[in-house]
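Subject: Structure handover

Hello,

Here is the structure for you to look over. My notes follow below it.

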Amino acid sequence: MKNIFLLTVLLTTILLQVGCGQQMKSEFQAADDQGINNIRAFYIGHSLSNPIVGRVHSLAHHHEKAEFSIRYQTNPGSSLQQSWEIRNEGYAAIEPYYAGYYDTRCGLPAGGFDVLVLTESVPRHLGEEIGRTYQYADSLYRFAVEYNPDIQVYLYEIWHCIYSGTPTGCYYDIDANPWRQRLDDDLPMWESVVDTLNSRFNPAKPVKLIPGGQGMAALYDAVMAGDLPGVSTLEDLFIDDIHISGISAYLVACIHFATIYGESPVGLPNVLTDIWGNPYKDNPTPEQAAILQEIAWEVVSEYTPDPL
C-alpha cells in the first residue's frame, strides 16, 4: 500500500508539472500564431489587485488585438516584503493560474513572461515605510530580470482608507489628509519607487507606474460632478473602507489594460468574466462602462510622470 501511495503522489506531481507548463505553452502559442499582442503577465498582489486581474484578462479577450495570459501570486494584505519572503514559507498554488513567483513550473523562473506587476500594501508614507518598498521592489525586480532581462515591470499605484483625514479614521492607517487630497499627496511617493528602480538599473524598458490611484481620483471627481449615473458618493465606489466596488474595479482594470497594452478600452463590453470564465455579479451598466472607459483612457493618456 505504501508503494502504491508513493507512486500516486509521484504521478500526481508529474501531471501537475506537465499540466501547468503545457497550458502556459498552448495559451501563449495560440495567441502568437494569430498575430495577436499576447501579454504574458505575472501579478504579485493582494485584495486590492484580486478584483483586477480577471477583469484585465477579460478586457484583453474581447479586444481584437490583445490577449492576456495571467499567473498570479496573491496573499491577503501582503507588503512587497511579505510577498518576497513567502518563498520561505511556501505558497499554496492553485493550478493553472495561481503560483508563487519563485515556482519553477508556473512562476517567473518558468520564463516567457513579458510583464511583472507589483502591488505594495498600505499604509505607506515617505520614510521608513517606503524605504522597505524600495528594498523589496529591488529584490523582486532583480529576480524577474534574471529569467527575462527584457521583462516590463510595473508598480500598481493603489490608495488608502476612505476615512483618511476624518475623525473616524482607520485603525490600521496613519494620520493624513482626506482621501481625495491624499491621492495627490501620495503620487510622488509611488513615483519615487519607480524612479529608484530606474536609477539603479537603467533598464532598456524603464519601470512604469500603473496609475490606479489617479484613476480613482478621476472617478471620484466625475461622481462629485454628477457625471456617473447611479453613483453619488465616495462610499458607492467601495464595499468597505478600502476595497473597491465592481464599478471601481472595472475602471481600474481598464487603466491596467490601457497602460500595459497602450490601447484604448473604449468600446469594450461592460460584462466581464473572472479568469475561470464566470461573469462578475457587479458589472457596470453599458452606460456606466462607456463613461468608465473614457475616464480610464484619459487618465492613462494624460499621466506623465515627473522626470528624475
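Of the 308 residues in the chain, 53% are buried (under 20% relative accessible area; exposed means over 50%, partly exposed in between; 1.4 Å probe, protein chains only). This is a predicted model: local features need pLDDT of at least 70, side-chain atom pairs count only at pLDDT 80 or more, and totals for chains, interfaces and linings use all residues. Residues are numbered from 1 along each chain as its sequence is written, and side-chain values use heavy atoms, with hydrogens and water left out.

Overall layout

The chain has eight helices and five strands. Both are DSSP runs, numbered from the N terminus: helices are H or I with at least four residues, strands are E with at least two. From the N terminus, the order is α-β-α-β-α-β-α-β-α-β-α-α-α. Take the contacts (heavy atoms within 4.5 Å) with a separation of 6 or more: residues 24 or more positions apart account for 74% of them.

Helix α6

Helix α6 spans residues 212-224, 13 residues in total. From first C-alpha to last it reaches 18 Å, close to the 18 Å expected at 1.5 Å a residue. The expected span is 1.5 Å times one less than the number of residues. Ten of the 13 residues are buried, so α6 is largely enclosed by the rest of the structure. The buried set is Gly212, Gly213, Gln214, Gly215, Met216, Ala217, Leu219, Tyr220, Ala222 and Val223. Glycine 226 follows α6 and has a positive phi, near 75 degrees.

Leucine 234 sits in the loop between α6 and α7. Its relative accessibility is 13%, so leucine 234 counts as buried. Leaving out residues up to four places away in sequence, leucine 234 touches Ile162, Trp179, Tyr220 and Met224. Tyrosine 220 is 14 residues from leucine 234 in sequence, with 6.6 Å between the C-alpha atoms.

Two packed helices are described by the angle between their axes and the distance between the axes. Axes here are lines fitted to C-alpha atoms, for helices over the stretch in contact, with angles from 0 to 180 degrees between N-to-C directions.

Start with α2 (residues 50-62). Its axis and that of α7 come within 8 Å and cross at roughly 60 degrees. The two helices are therefore oblique to each other (under 35 degrees is roughly parallel, over 145 roughly antiparallel, 65 to 115 roughly perpendicular, the rest oblique). On the α2 side, the contact is made by Pro51, Ile52, Arg55, Val56, Leu59 and Ala60. On the α7 side, the residues include Gly246, Ala249, Tyr250, Val252 and Ala253. By class, the contact has twelve nonpolar, two polar and one charged. Ala, Val, Leu, Ile, Met, Phe, Trp, Tyr, Cys and Pro count as nonpolar, Asp, Glu, Lys and Arg as charged, and the others, Gly among them, as polar.

Now α8. The axes of α7 and α8 are 9 Å apart, at an angle of about 40 degrees. That makes α7 oblique to α8. This crossing is right-handed. Ile247, Tyr250, Leu251, Cys254, Ile255, Ala258 and Thr259 of α7 meet residues of α8 that include Leu292, Ile295 and Trp297. The contact of α7 with α8 has 13 nonpolar, three polar and no charged residues.

Backbone points to check

Most residues other than glycine have a negative phi, and most peptide bonds are trans. Which peptide bonds are cis here? One joins glutamate 95 and proline 96, with omega about 0 degrees. Another runs from valine 122 to proline 123, with omega near 10 degrees. Proline 96 is in the loop between α3 (80-85) and β3 (115-119). Proline 123 is in the loop between β3 and α4 (128-147). Asparagine 202 has a positive phi, near 45 degrees. Asparagine 202 lies in the loop between α5 and β5 and is exposed, at 66% relative accessible area.

Best wishes

Technical notes. Left-handed = near helix turned anticlockwise from the far one by under 90°.
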